[in-house]
Amino acid sequence: EKMGLNEIRKKFLDFFESKDHYARESYSLVPQGDKSLLLISAGMAPLKKYFMGVETPPKNRMATCQKCIRTGDIENVGKTARHATFFEMLGNFSFGDYFKRESIAWGWEFVTKHLNMPVEKLWVSVYLDDDESYEIWNKEIGVPKEQIVRLGKEDNFWEIGVGPCGPCSEIYYDRGEKYGCDNVDCKPGCDCDRYVEFWNHVFTQYNKDEQGNYNPLPNPNIDTGMGLERVACIMQDVDSIFEVDTIRAILEAVLDISKAEYGKDEKTDTSIRIITDHIRSVSFMVCDGIMPSNEGRGYVLRRLLRRAARHGKLLGIKGAFLNGLVDKVIEVSKVAYGQLEERKDYIKKVISIEEERFQETIDQGSEILKEYIEELRKEENKVLSGEKAFKLYDTYGFPLELTKEILEEEGLEVNEEKFKEEMELQRERARSARTDNSLEAWKEDVFSQIDDSTNTDFVGYNNYVVEGQL
Ligand code: ATP
Ligand code: MG
Ligand code: MG
Ligand code: MG
């Protein structure tokens, strides 16, 4: 019998409770008393005040399972086996109490004795010059040198904007050649899905200030983060996090509604996974009190919801459907998140109002595009002008991808080059008129720019600066 996602969460919290940690449920996705953050993107984020010594923690050892949103990973969703915009991060934390030795030893104990992962499949990474961690892994734990890699700053140094940060050490699982790539040097740190990073142990020993200085903290801390969905994926031996028991149930609901087939066509599969992921993000965000809007976290919510709706269109779903998926999200998540059940009616209402609104936009845009297509036919032209595509986007909020999709079906295309030029002009106009709230399309565009620039391992940027920019 394979371990379910909900079961793994409990096992983790119980384990650290047995190591004298105070285990508590997730904090809200909305940061409390932290203006530098848009959304919680890691287990340590709501605990920053304890790491920095601004407040005293309830106990100097804690463990949580934290809801996280990472919009910086949005372009990876559905494409890699391991990225979601919403995921749960399991973590154990030491506030000036234990350090590397204990964290590594307990991590290893949990993974090999409680999850029973085979030792020969496990790899670890350490920060370039962190010989201390290297020695602990090799000499004390007994991980062979061949299964230890040294990685640079982009992988093994953790920081989110200002605040506590430090070198880290990660545990990877080798899922075998079938998930590998052509890279002769394919090993942990490679971008493919063979070696899955699942547990990051951060040795928080610096405090980064506004000027970029790394100041040593009075007491070194421990901050670890393990992706619950990734562990479940490994434990259940499935291809991707979308096949993990609880998430697969949501994916099945998407299949039911769309009548699409999974595993036949890459593009279809990507849309199915995007909807499956985004509906989780959206349900949890609304549950935590976020409302769709044109700025800040409300805008993140709006964009995720509309993106899911758009992929529904690509799958051929007629009318609003997201609302119908919420029940499934709640059903599979409520053991750990009782608020979902309590706020069910509210969540569904907020989502359906927003989806209806988007639907109107789509309907209106489709009508106009239809006219454009007729004109093209008359002119015996195959390419829709960039100006027209931009007008659809800018004035009617009609997404370019949808324009492309519809044109494609008709054997037509769009002048994207010109579209981009128009977009650039608009961007410049917008820059000089930042206070104008009617520029919704511009904002959407700013968001996609942010996604592009943050689609790296460095996850903090978007969470720190987005609010100001939007
Ligand atoms: P990756 O390199 O795979 O993008 P990461 O280094 O950005 O992961 P960390 O910031 O170290 O991830 O976060 C700690 C853990 O959280 C990771 O080891 C992973 O298990 C999990 N995790 C991170 N990002 C995601 C995501 N987008 N979806 C699901 N799990 C994630
Ligand atoms: Mg990484
Ligand atoms: Mg990492
Ligand atoms: Mg990442």
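Helix axes are lines fitted to C-alpha atoms over the stretch in contact, and the angle between two axes runs from 0 to 180 degrees between N-to-C directions. Helices (H or I, at least four residues) and strands (E, at least two) are DSSP runs, numbered from the N terminus. The model is predicted, so that local features need pLDDT of at least 70 and side-chain atom pairs count only at pLDDT 80 or more, while totals for chains, interfaces and linings use all residues. Residues are numbered from 1 along each chain as its sequence is written, with chains lettered from A and ligands numbered from 1 in the order in which they are written.

Helix α9 (residues 296-314) packs with helix α12 (residues 344-379) at an angle of about 60 degrees, the axes being 10 Å apart. The two helices are therefore oblique to each other, a class left for angles that are not under 35 degrees (roughly parallel), over 145 (roughly antiparallel) or 65 to 115 (roughly perpendicular). Residues in contact (C-beta atoms, placed from the backbone, within 7 Å) are Arg302, Leu305, Arg306, Ala309 and Lys313 in α9 and Ile351, Glu354, Glu355, Phe358 and Ile362 in α12.

Two loop residues other than glycine have a positive phi. Asn116, between α3 (100-114) and β4 (122-127), has a phi near 55 degrees. For Lys259, in the loop between α7 (245-258) and α8 (266-287), phi is near 60 degrees. Most residues other than glycine have a negative phi. Asn116 counts as exposed because it has 9 C-beta neighbours inside 10 Å; the cut-offs are 12 or fewer for exposed, 20 or more for buried, and partly exposed in between, with C-beta atoms placed from the backbone. Lys259, also with 9 such neighbours, counts as exposed.

Technical notes
Contact = placed C-beta atoms within 7 Å.
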